[in-house]
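Biologist: I have the file open and would like to go through it piece by piece. Can you start with whatever you have at hand?

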Amino acid sequence: MAPGDSSRFFRPETKCCTFLPALPNFLVGAVLDEPDPASASGRASVEQRIDALLGATPVGLLQPPAYARRYAGGKEFFGRDPSMRCPHFLAEGGRCGIWRHRESTCATWFCKHVRGALGRTFWAALHGLLAAAETGLARFCVMEEDVGREALLHAVATQGERAVPATRRVLWGRWAGREREYYRRCGARVASLSWDRIERICGVPLSIRVRLAREAYGDLVSRREFGPLKVGAFDVRPLDRDRSRVWAYSPFDPLDVPRSLLGVLREFDGRPTREVLAAIRRRHGLALGRGLVRKLADFGILERG
Ligand code: SF4
């Protein structure tokens, strides 16, 4: 794929929603009980997933194995193939039908980031935090709603977001045939929990993620001085006589930079940055501000040593 090729853009009829989210049980319940009339289409799309019994388990609505295999098979479809489009995507208006109750991947994935790679690292850490809470709370609900021994065994065997095949009776125990009611109870149960209680339920795996997210946020808002920098790896394509488009940390988040600037980047060779900036001023007559240098580093065009 050539840099800047139009295939890097999402199609309007899919946007980036070529993804089937695994919805934890309590979020399924929250969607089912959402009172806003504008959420009717989103709710109907969740009801269809439940009624089809494809990936509907006490843990939540998971990816059916066939979808999971296709998703893992390559990413060329991403943002482009309508056959992989999320069932909760509303074609009319191109919106998410379950936006208020979307899960952790959908809540934290962006194609562009404030502060580039640093921003992406923060959102990935927040994703880890939310995903740990989702996993812990979904299992908590399975326990509290007394799904029975077979269903508990299945819940433990469920691998990540993928459904493990089992009969409806085995999967659902006493809730077989009353799946919507089960999800609603999970939604109401989790809605009543305080954050302190959630941390106690989810334990150390969540505590670790909370600390990592805090530290990533600290990095994101920090303006501390950077150490030595080296020119990073990137794709580049001329835009016009004066500017080029550069992709470094992500194929979706390029920077447009003056070509004169690209020509001096080789000066960043790991020497102290102050020394490099002085050399660029002396040899090339360019005065690079620290804000610009920080931006090049944030976007991965320069790499921190
Ligand atoms: S749940 Fe919403 S945000 Fe997530 S993929 Fe589906 S339509 Fe997109």
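Modeller: Strands S7 and S8 form a hairpin, with four residues between them. Strands here are DSSP runs of E with at least two residues, helices are runs of H or I with at least four, and both are numbered from the N terminus. This is a predicted model, where local features need pLDDT of at least 70 and side-chain atom pairs count only at pLDDT 80 or more, while totals for chains, interfaces and linings use all residues. Residues are numbered from 1 along each chain as its sequence is written.

Biologist: How many bridges join S7 to S8, and which way do they run?

Modeller: Four bridges join S7 to S8, which covers residues 243–247, and the two run antiparallel. Two strands count as paired if DSSP finds at least two bridges between them.

Biologist: What is the bridge partner of Arg-237 in S8?

Modeller: Arg-245 is the partner of Arg-237.

Biologist: And what order do the strands have in that sheet?

Modeller: The order is S7-S8-S9, in an open sheet of three strands with antiparallel pairing. S7 (235–238) and S9 (255–258) are the edge strands, each pairing on one side only. Neighbouring strands in this sheet are turned by 30° against each other on average, direction ignored.

Biologist: What joins S8 to S9?

Modeller: Four bridges, and S8 and S9 run antiparallel. In S9, Leu-255 is the bridge partner of Val-246.

Biologist: Next sheet. What is the order in the one with S1?

Modeller: That open sheet of three strands has the order S1-S3-S2, again with antiparallel pairing. Its edge strands, S1 (23–24) and S2 (56–57), each pair on one side only. S1 pairs with S3 (residues 60–61) in the antiparallel sense over two bridges, and Leu-23 stands opposite Leu-61 in S3.

Biologist: Now helices. At what angle do H1 and H2 pack?

Modeller: H1 (residues 25–32) and H2 (residues 40–52) pack at about 135°, with their axes 9 Å apart. Axes are lines fitted to C-alpha atoms, for helices over the stretch in contact, and angles run from 0 to 180 degrees between N-to-C directions.

Biologist: Why is H1 called oblique to H2?

Modeller: Because of that angle, H1 counts as oblique to H2. Angles under 35 degrees count as roughly parallel, over 145 as roughly antiparallel, 65 to 115 as roughly perpendicular, and the rest as oblique.

Biologist: Which residues make the contact between H1 and H2?

Modeller: Val-28, Val-31 and Leu-32 come from H1, and Gly-42, Arg-43 and Val-46 from H2. Two residues are in contact if their C-beta atoms, placed from the backbone, lie within 7 Å. By class, the contact of H1 with H2 has four nonpolar, one polar and one charged residues. Ala, Val, Leu, Ile, Met, Phe, Trp, Tyr, Cys and Pro count as nonpolar, Asp, Glu, Lys and Arg as charged, and the others, Gly among them, as polar.

Biologist: How do H1 and H8 pack?

Modeller: Their angle is about 100° and their axes are 7 Å apart, so H1 is roughly perpendicular to H8. Among the residues that meet are Asn-25 and Phe-26 in H1 and Tyr-183 and Arg-184 in H8. The contact of H1 with H8 has nine nonpolar, three polar and four charged residues.

Biologist: What about H5 and H8?

Modeller: H5 (residues 116–144) and H8 (residues 179–191) pack at about 115°, with axes 10 Å apart. Leu-137, Cys-141 and Glu-144 of H5 make the contact with Cys-186, Arg-189 and Val-190 of H8. That contact has four nonpolar, no polar and two charged residues.

Biologist: Last topic: which residues surround the ligand?

Modeller: Cys-17, Phe-19, Pro-21, Cys-86, His-88, Phe-89, Cys-96, Ile-98, Arg-102 and Cys-106 surround the ligand. A residue counts as near a molecule if its C-beta atom, placed from the backbone, lies within 6 Å of it. This shell divides into eight nonpolar, one polar and one charged.
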